[in-house]
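Trainee: Could we go through this protein together, one question at a time?
Mentor: Gladly, let us look at it first.

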Amino acid sequence: ARGITVIGYGKSSAPAETAEIQLIASEEEFGPSRAPDPDATPGAREREAVGPLVAGLMAAGVPEEDIAIVVGTVIGEFYGPGGPGVARVDITVDNPTQERIEELINAATVGAAEENLFVSPVGVGYGVADCAPLERAAREAALDDARTRAALQAELMGVQLGEPVAASDVPINFSEALSAYYGITIPTQLACSPPAPAPTSGSP
């Protein structure tokens, strides 16, 4: 059967209902990670080191249950603009605004400085409880865009355009948006998971 195939693009947006901030607290100076004390409780030193950071967040109004400290050997092997990573701190925020996010990042940075820690990188992920309306709106926009493209193509080809007979999803390449290869921490617990990255020639 003869036909015209086009790709339509659509997107939608809504105010974020939740946000998750992830930041790495690292030592200010380069150097090897400290050898663990075999008699110490695993992660105790790291949790103590980020204590002022957590206190700064709580002073800014973040409930303690909305703050999670992630420690482990993988954090110690991370090197940011400063020295070895000490811990990752995750903060959950309801009804986030840009001003609130900036306020909390500043509070964490000031708190970390008390222990001579450097906060970087910082990642923020936004989510909504129900993605279905957003996905539907994006698909409707994509179909409208495809109709417009197909109509123009049919006009240029001198043929009549019929009704759509098939549709398929095309993965979107999120590699630049996620910047994963540049060491930026991206939250994984999001309400709407992004599509799988499409393979790109010459990209990692």
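Mentor: We start with a term: a residue is buried under 20% relative accessible area, exposed over 50%, and partly exposed in between, with a 1.4 Å probe and protein chains only. Please keep in mind that this is a predicted model, where local features need pLDDT of at least 70, side-chain atom pairs count only at pLDDT 80 or more, and totals for chains, interfaces and linings use all residues. Residues are numbered from 1 along each chain as its sequence is written, and side-chain values use heavy atoms, with hydrogens and water left out.

Trainee: Is Gly-8 buried, exposed or partly exposed?
Mentor: Gly-8 lies in the segment before strand 1 (18–27). Its relative accessible area is 23%. A value between 20% and 50% falls in the middle class, so Gly-8 is partly exposed.

Trainee: Which residues does Gly-8 contact, leaving aside neighbours within four places in sequence?
Mentor: Contact means heavy atoms within 4.5 Å. Gly-8 and Ala-146 are 138 residues apart in sequence, yet their C-alpha atoms are 4.0 Å apart in space. With those neighbours left aside, the contacts of Gly-8 are Ala-142, Asp-145, Ala-146 and Arg-149.

Trainee: How far apart are the end C-alpha atoms of helix 5?
Mentor: Helices (H or I, at least four residues) and strands (E, at least two) are DSSP runs, numbered from the N terminus. The expected span of a helix is 1.5 Å times one less than its number of residues. Helix 5 has 26 residues, so it should span 38 Å, and this agrees with the distance between its end C-alpha atoms, 37 Å.

Trainee: Which alanines are buried in helix 5?
Mentor: Helix 5 covers residues 132–157, and Gln-153 has its place there. At 35% relative accessibility, Gln-153 counts as partly exposed. The buried alanines in helix 5 include Ala-138, Ala-142, Ala-146, Ala-150 and Ala-154.

Trainee: In the largest nonpolar core, which residues touch the most other members?
Mentor: A nonpolar core is a set of buried Ala, Val, Leu, Ile, Met, Phe, Trp, Tyr and Cys residues joined through side-chain atoms within 4.5 Å. The largest one has 24 residues, and those touching the most other members are Leu-23, Leu-53, Leu-57, Ile-91 and Leu-104.

Trainee: At what angle do helix 2 and helix 4 pack?
Mentor: Two packed helices are described by the angle between their axes and the distance between the axes. Axes are lines fitted to C-alpha atoms, for helices over the stretch in contact, and angles run from 0 to 180 degrees between N-to-C directions. The axes of helix 2 and helix 4 are 7 Å apart, and their angle is about 145°.

Trainee: Which residues of helix 4 meet helix 2?
Mentor: From helix 2 come Pro-52, Leu-53, Gly-56 and Leu-57. The buried residues of helix 2 are Pro-52, Leu-53, Val-54, Gly-56 and Leu-57.
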